[in-house]
Amino acid sequence: MSDDYLVRIGKLIRDARQHRGWTQTQLAEALGTSQSAVNRIERGNQNISLEMIARIGEALDSEIVSLGYAGPMHLRVVGGRRLSGAIDVKTSKNACVALLCASLLNKGRTVLRRVARIEEVYRLLEVLNSIGVRTRWINDGVDLEIVPPAELEMAAIDAEAAVRTRSIIMFFGPLLHRMDRFKLPYAGGCDLGTRTIEPHMIALRRFGLDIAATEGQYHAQVDRSVRPDRPIVLTERGDTVTENALLAAARHDGVTVIRNASSNYMVQDLCFFLEALGVKVEGIGTTTLTVHGVPNIDVDVDYSPSEDPVEAMSLLAAAVVTESELTVRRVPIEFLEIELAVLEEMGLDHERSPEYFADNGRTRLVDLTVHPSKLEAPIDKIHPMPFPGLNIDNVPFFAAIAATAQGKTLIHDWVYDNRAIYLTDLNRLGGRLQLLDPHRVLVEGPTRWRAAEMMCPPALRPAVVVLLAMMAAEGTSVLRNVYVINRGYEDLAERLNSIGAQIEIFRDI
């Protein structure tokens with residue numbers, strides 16, 4: 001069997017396993033083999049008989065032998081339909097990936113409740129499994145159990161999975177406590193222009209971590225004599241930068257002060273989780289965090305990450321763009337207050353329930369009901385700011401919202417080098433967006449959306465914005481190769497269908 005076919009079959013098996021909700025370890029147990037053997041099969045690095053393919057197909061309830069090569073996933077959207085009813089916001093993608101990385105701090109058993117079943121999480125689980133961490137879905141596939149080995153097998157790391165997620169860079173903080181030398185593949189993820197890891201290194205060097213990047217890998221070395229003897233000032237108030245600094249400080253034997261820290265939702269969830277591990281964190285929700293590290297963490301912990309404010313914004317935008325009345329439940333209001341203030345200025349009619357707590361006992365939630373509204377372009381430009389400002393990831397949704405409003409709206413996405421360019425894909429659907437420079441787009445509305453067939457933008461939020469516009473456009477649209485959407489949203493098409501959308505998932509034959 002040729003190497004090309006082995007790789008194709010491996011990808012089919014991996015997709016079928018993930019669809020079933022199994023880890024590599026669970027499939028290995030069903031086949032009576034090892035996790036490392038399943039890992040080699042899925043990577044196309046092991047010869048496999050037709051009998052074994054049939055056994056795998058039977059275990060996964062998938063006719064792998066008869067499927068052939070599974071091409072990319074596409075969406076066929078019948079637009080112009082009104083949404084109605086209610087929909088719950090899922091747990092935070094960005095919090096879940098941070099907590100998966102944070103589980104490496106703990107020698108004990110970690111259980112994370114209602115983990116997002118998304119491609120980004122699957123990629124991290126593949127990386128964790130490949131280095132010896134045992135993971136399994138429990139409670140009918142709702143929750144995730146994580147049990148680390150005594151020693152991590154870094155030489156066996158699944159590089160293919162690692163390079164498909166930028167979250168891999170958050171392994172630096174936990175790993176520097178576990179070994180003196182290690183290697184990690186370069187970080188990947190969305191195509192959002194140049195993004196260096198230098199802000200991470202400025203913080204982590206204070207813990208003795210030195211990194212050289214060569215031949216597609218980060219070569220890390222730790223000098224145990226180096227300790228943060230004064231407050232760490234982050235040069236970028238980034239979410240993952242702050243999380244990496246927190247992960248490094250969590251097992252540092254002493255008190256670490258982190259200044260210019262992000263206080264965004266995923267950082268707060270990570271802080272709450274660290275407290276569950278026994279690490280004291282002062283200043284949660286502010287830009288100065290004081291971490292009282294615990295050198296040895298060996299506890300059984302059970303934690304529930306909060307809901308995702310960016311998914312909540314996606315659903316609110318879906319209601320606005322399709323001119324629908326929709327209730328979005330379990331919205332983390334603290335992290336959407338600026339967005340809602342802007343939408344109120346534009347004329348959005350909505351109602352809020354009384355506040356209640358998320359399952360973590362700390363994050364404030366509300367239920368929001370959006371009513372069809374006549375929107376006017378805002379007087380001021382739409383631009384992101386670190387929390388508590390308008391969320392960076394929510395800026396693209398305002399492109400679709402502004403396109404439905406009367407007047408011209410200036411959107412200034414100053415953070416990413418080229419994400420604003422992807423927003424002009426809305427012009428294929430009838431939008432009137434003028435790119436002023438790589439960071440600024442002028443949106444003119446209202447828009448009469450029209451159906452189209454197009455490739456999915458390579459960045460997560462602009463891709464969802466295109467999908468929302470297709471839902472508003474009369475006729476049938478096709479959005480091709482939607483892997484990037486699956487990276488950040490769990491069963492988005494099916495969930496939108498549950499409130500009145502008509503979206504069909506298909507693959508090329």
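Reply: Two strands count as paired if DSSP finds at least two bridges between them. The model is predicted. In it, three strands form an open sheet in the order S6-S8-S7, with antiparallel pairing.

Me: Why are S6 and S7 said to stand at the edges?

Reply: Strand S6 (181-185) and strand S7 (209-214) each have a single partner strand, so one side of each is left without a neighbour in the sheet. On average, neighbouring strands of this sheet are turned by 25° against each other, direction ignored.

Me: What makes the protein chain as compact as a globular protein of its length?

Reply: The chain's secondary structure comes to 19 helices and 23 strands. Its radius of gyration is 23 Å, and the globule rule gives 23 Å for 509 residues; the two are close, so the chain is as compact as a globular protein of that length. The C-alpha trace spans about 60 × 60 × 40 Å along its principal axes.

Me: What share of the residues counts as buried, and by what cut-off?

Reply: Buried means under 20% relative accessible area, and 58% of the 509 residues count as buried. The protein chain exposes about 20,100 Å², of which carbon and sulfur atoms supply 47%.

Key:
Residues numbered from 1 in each chain as written. Predicted model: local features only at pLDDT ≥ 70, side-chain atom pairs only at ≥ 80, totals over all residues. Heavy atoms only, no water. Helix = DSSP H or I, 4+ residues; strand = E, 2+ residues; numbered from the N terminus. Axes fitted to C-alpha atoms, helices over the stretch in contact; angles between N-to-C directions. Rg over C-alpha atoms; globule rule 2.2 N^0.38 Å. Buried < 20%, exposed > 50% of the residue type's maximum accessible area, 1.4 Å probe, protein only. Areas by Shrake-Rupley, 256 points an atom, 1.4 Å probe, with all protein chains shown as cover.
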